[in-house]
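Here is a short briefing to read alongside the sequence and the 3D view. Have both open, and follow along residue by residue.

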Amino acid sequence: MKLLHALVGEGDRARLRQALDEVTPDVAVAFDPAATAALVEERDHRVAHGPGNETAAPVVAVVTDLAPAASWVVNADRYAVIDDEAAVCFAERGGDGARVIVTGVVASPTRHEAIALSKQECREGLAVPVGLVVVLVDARALPVTRLGEIAVQLALFGKGIFVLFDAGSSSDVAGWLR
């Protein structure tokens, strides 16, 4: 399998076209809406003006957002989303639900390896200062109004605690926490 690694912004389309002229990948994968749009545009250009479909790699968009914005809806061949909620959100914004694949969270190797770490190693990895109590708030099913109340109450503690919020797959909670 051939792989082309490119960061694509608005001014980089000419470089993308040149790179694709040099190497025809088996699949083009993008991790943000602008790169996805550029790859789709180039795929469509190659299909319309090239010798045939064999010169155009299919475009796969890896959508890491819990609530994908409308900017992701750019006619990619496939969209890999985090969960069913993200898939529904994508479809509500005009995306073709038949092209969506629910893959789960795309985790970096570092996060994947963290599963095997001890409690102390996790504290060090998260840079939790020594002596602080760690509070994990399971916010996945909490309404946003309740989250606000919890945040205020935790703030009253002042120093001495380190708070981690788990938004799970809730796009509302994740948006509020951001």
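Does Asp-83 count as buried or exposed? Asp-83 has a relative accessibility of 11%, so it counts as buried, the cut-off for buried being under 20%. Please keep in mind that this is a predicted model.

**Asp-83 and its polar contacts**
- You will find Asp-83 in the loop that lies between β3 (78-81) and α3 (84-92).
- The side chain of Asp-83 comes to 2.7 Å from the backbone nitrogen of Ala-86.
- A polar atom of the Asp-83 side chain also lies 3.3 Å from the backbone nitrogen of Glu-85.

- Arg-43 belongs to helix α2, which covers residues 33-49.
- With a relative accessibility of 9%, Arg-43 counts as buried, because this value is under 20%.
- Leaving aside residues up to four places away in sequence, Arg-43 touches Ala-56, Ala-57 and Val-59, as well as Asn-75, Ala-76 and Asp-77.

**Strands β5 and β6**
- Strand β5 (residues 133-138) and strand β6 (residues 161-166) run parallel and are joined by 6 bridges.
- Asp-138 has Asp-166 in β6 as its bridge partner.
- Together with helix α6 (residues 144-155), β5 and β6 make a right-handed β-α-β unit.

How values were computed. Residues numbered from 1 in each chain as written. Predicted model: local features only at pLDDT ≥ 70, side-chain atom pairs only at ≥ 80, totals over all residues. Heavy atoms only, no water. Helix = DSSP H or I, 4+ residues; strand = E, 2+ residues; numbered from the N terminus. Buried < 20%, exposed > 50% of the residue type's maximum accessible area, 1.4 Å probe, protein only. Polar contact = N/O pair within 3.5 Å; in protein donor to acceptor, adjacent residues only side chain to side chain. Pairing = 2+ DSSP bridges. Right-handed = clockwise from strand over helix to strand, strands pointing away. Contact = heavy atoms within 4.5 Å.
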